[in-house]
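Hi,

Here is the structure I promised to pass on. Have a look at it first, and then read on for what I found.

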Amino acid sequence: NTIAVVVPIANDPNSAKEILRGVAKYQEEFNNSNPGNPLEIVIANDGGGLQSKAIADDLIQSGQVLAVMGHGIDPFSQKAIESYEKEGLAILSPLTTSVSQTGNATLKTIPLKDKSQEVLGSYLEAVAKTLANYASKQENSPSVVLFYNSDSPYSQKLKDSFAKAIKEPGGKIVKEIDTTKANFNAKTAIDQAKQAGAKVVFLALSKDGDRIDQAVAIAQESSGMLLLGGNELYTPDILIQGADSIDGLVLAVPWSFQATDPFAKDALKSWRGRVSWRTATAYDSMKVLGEAIAKSSDRATVVETLNRGITLQGSTTDFNIFNQVPLVRANRGNEGPKGSQYQFDPI
């Protein structure tokens, strides 16, 4: 039983660690329950670009790998996913996963061409709606300046979703700013936004490249404004670099740390610290793949099983998030990352 996990170790080591904690937790449980038929994990370091497709080709050629978890939503990842689909190797990724919620959540893989049903699109719409409603409770008819980076499909999707969602509670976008532009300057952008009447800053930024630095620079200029953002900004770096400027930053994430949550308790014991939504969702994804390969060691059967869907019993993630996404707020505290006086607490 072999599953490959594709993570950005070189480009984003923190996210890779968070994902692999969830993978390791499930692998330990699986192997304790199946001592005679252990689960093996292949870890692939995806540096992006053409490397994504090369990794896919290597995993396809490896007859031992029965399923793959990982890859992003960029065009190179999509090429890799197309290769998996063509060669009949199951791939669980943001663009090939669908969720239905009637009682317990049922996860299934869908063809890349059916992206209208993808879990990511549904999730980002829910993020936008949740944050728009939150903004409207803090500000009547909120006026928003929206920052995004046009080189990221995630950022573009979140920007478009929020611009649509904020209209429902009577809000409006007074300015959209693309941080990839050569002349981008955080101070100038915020000054212009304030002149246009903005009271809310929405950071639809990905964490690629220097975007965390940009998010911090924007936060430093946004004193007195409500700061909102998506799950990509849930990183140790923003708490460490942002310091007092990110005090009060509100993010929407698929799972938030609760000290009473059994998964969180176990993670505290295992990893000597808090874990993130990436750990929780990776654990759930592995659970789905583990159940699929437990039924058969044949690639075609694994693909067929995942296409039909697997119902998650006792999932860590509450898939009602598609109606209301959990919110966290950056507060002063001593349970955050080393080097920071801030932590993310559930609202």
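The side chain of Thr96 has a polar atom 2.8 Å from the backbone oxygen of Ile91. Keep in mind that this is a predicted model. Thr96 sits in the loop that runs between strand S4 (90-92) and strand S5 (97-102). Is Thr96 buried or exposed? Its relative accessibility is 1%, so Thr96 counts as buried, the cut-off being under 20%. Leaving aside residues up to four places away in sequence, Thr96 touches Ile81, Glu85, Ile91, Lys108, Thr109, Ile110 and Leu112.

The other place I looked at is a pair of helices, H6 (residues 186-195) and H7 (residues 211-221). Their axes come within 9 Å and cross at roughly 45°, and H6 and H7 are therefore oblique to each other. The crossing of H6 past H7 is right-handed. Which residues meet there? From H6 they are Ala186, Lys187, Ile190 and Lys194, and from H7 they are Ala217, Ile218 and Glu221. Sorted by class, this contact has 4 nonpolar and 3 charged residues, with no polar ones.

H7 also has a buried set: Arg211, Ile212, Gln214, Ala215, Val216, Ile218 and Ala219.

Methods
Residues numbered from 1 in each chain as written. Predicted model: local features only at pLDDT ≥ 70, side-chain atom pairs only at ≥ 80, totals over all residues. Heavy atoms only, no water. Axes fitted to C-alpha atoms, helices over the stretch in contact; angles between N-to-C directions. Helix = DSSP H or I, 4+ residues; strand = E, 2+ residues; numbered from the N terminus. Parallel < 35°, antiparallel > 145°, perpendicular 65-115°, else oblique. Left-handed = near helix turned anticlockwise from the far one by under 90°. Contact = heavy atoms within 4.5 Å. Nonpolar A, V, L, I, M, F, W, Y, C, P; charged D, E, K, R; others polar. Buried < 20%, exposed > 50% of the residue type's maximum accessible area, 1.4 Å probe, protein only. Polar contact = N/O pair within 3.5 Å; in protein donor to acceptor, adjacent residues only side chain to side chain.
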